[in-house]
Amino acid sequence: MLTRLFFTPADARDLVLPLIARFVFAATLLVYYWHAALTKLDGGPVSLSLGAYAQIFPRAFEAVGYDASQLGGFHYLVALAGTYAEFVLPLLLVIGLIARPAAIAMIGFIIIQSLTDLYGHGGIAHTETLGAWFDRLPDGVILDQRAFWVLALTLIAVKGAGALSVDQVLARRASGAGRLQPA
């Protein structure tokens with residue numbers, strides 16, 4: 001009995017932990033990313049605000065005197081793709097649709113976001129922004145907070161979407177069975 005209690009996984013079918021990870025993502029980061037994306041749009045679905053360039057390409061935007069017309073098509077496409085990634089990837093994670101690839105893409109997005117914050121916006125010079133691991137302060141924006149974001153996303157990337165997900169419904173349909181399957 002004790003062996004089973006201590007050594008047998010409580011969620012052997014990988015349904016509960018990914019569901020909790022998706023819930024925590026929705027509760028803490030969904031609105032954060034959607035709000036950030038909305039600040040990058042200006043009047044239409046393909047019309048970027050000046051803030052989009054300031055947030056995504058801070059040094060390049062400054063170098064052209066904050067004149068977006070001086071930036072090329074590459075900058076526009078990257079900013080537009082980044083903006084829509086902030087809408088689409090969180091939605092895919094929350095509903096659990098292609099959750100593993102969405103989680104991996106979101107991890108990549110967070111890495112790029114963090115590097116932009118550190119080097120593009122100068123956060124590397126501020127220890128309270130960068131933070132430090134193995135110290136007594138758990139509130140560094142980059143190393144501390146974003147490590148937890150990546151942990152939750154890694155759980156989804158490894159385990160799948162879990163219960164109450166579109167992936168689970170699709171897996172069940174594909175298998176032809178009505179029983180719950182790990183997504």
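Trainee: In which order do the elements of the protein chain run from the N terminus on?
Mentor: This is a predicted model, in which local features need pLDDT of at least 70 and side-chain atom pairs count only at pLDDT 80 or more, while totals for chains, interfaces and linings use all residues. Residues are numbered from 1 along each chain as its sequence is written, and side-chain values use heavy atoms, with hydrogens and water left out. Helices (H or I, at least four residues) and strands (E, at least two) are DSSP runs numbered from the N terminus, and the chain has 9 helices and 2 strands. Their order is α-α-β-β-α-α-α-α-α-α-α.

Trainee: How much of the protein chain is buried?
Mentor: Buried means under 20% relative accessible area, exposed over 50%, and partly exposed in between, with a 1.4 Å probe and protein chains only. The chain has 183 residues, and the buried share of them is 36%.

Trainee: Which residues does Leu93 contact, leaving aside its neighbours within four places in sequence?
Mentor: Contact means heavy atoms within 4.5 Å. For Leu93, the partners are Arg22, Phe25, Ala99, Ala102, Ala103, Met106, Leu153 and Ile156.

Trainee: How far apart are the end C-alpha atoms of α6?
Mentor: The expected span of a helix is 1.5 Å times one less than its number of residues. With 22 residues, α6 should span 32 Å. The distance between its end C-alpha atoms agrees with this, at 30 Å.

Trainee: Which residues lie nearest the centre of the largest pocket?
Mentor: On a 1 Å grid over the protein atoms alone, a pocket is an open set of points where a 1.4 Å probe fits, with protein on both sides within 12 Å along at least five of seven lines; lining residues have an atom within 4 Å of a point. Grid points are joined across faces, edges and corners, and the volume is the space filled by probe spheres set on the points, which here comes to about 420 Å³. Of the 18 lining residues, those nearest the centre are Ile56, Phe109, Ile112, Gln113 and Thr116.

Trainee: How many nonpolar residues does the lining of the second largest pocket have?
Mentor: Ala, Val, Leu, Ile, Met, Phe, Trp, Tyr, Cys and Pro count as nonpolar, Asp, Glu, Lys and Arg as charged, and the others, Gly among them, as polar. This pocket holds about 170 Å³ of space, and α2 gives the largest share of its lining, 7 residues. The lining has no charged residues and 1 polar residue, and its nonpolar count is 10.

Trainee: What is the phi of Ile98?
Mentor: Most residues other than glycine have a negative phi. Ile98 lies in the loop between α5 and α6 and is partly exposed, at 46% relative accessibility. Although Ile98 is not a glycine, its phi is positive, at about 40 degrees.
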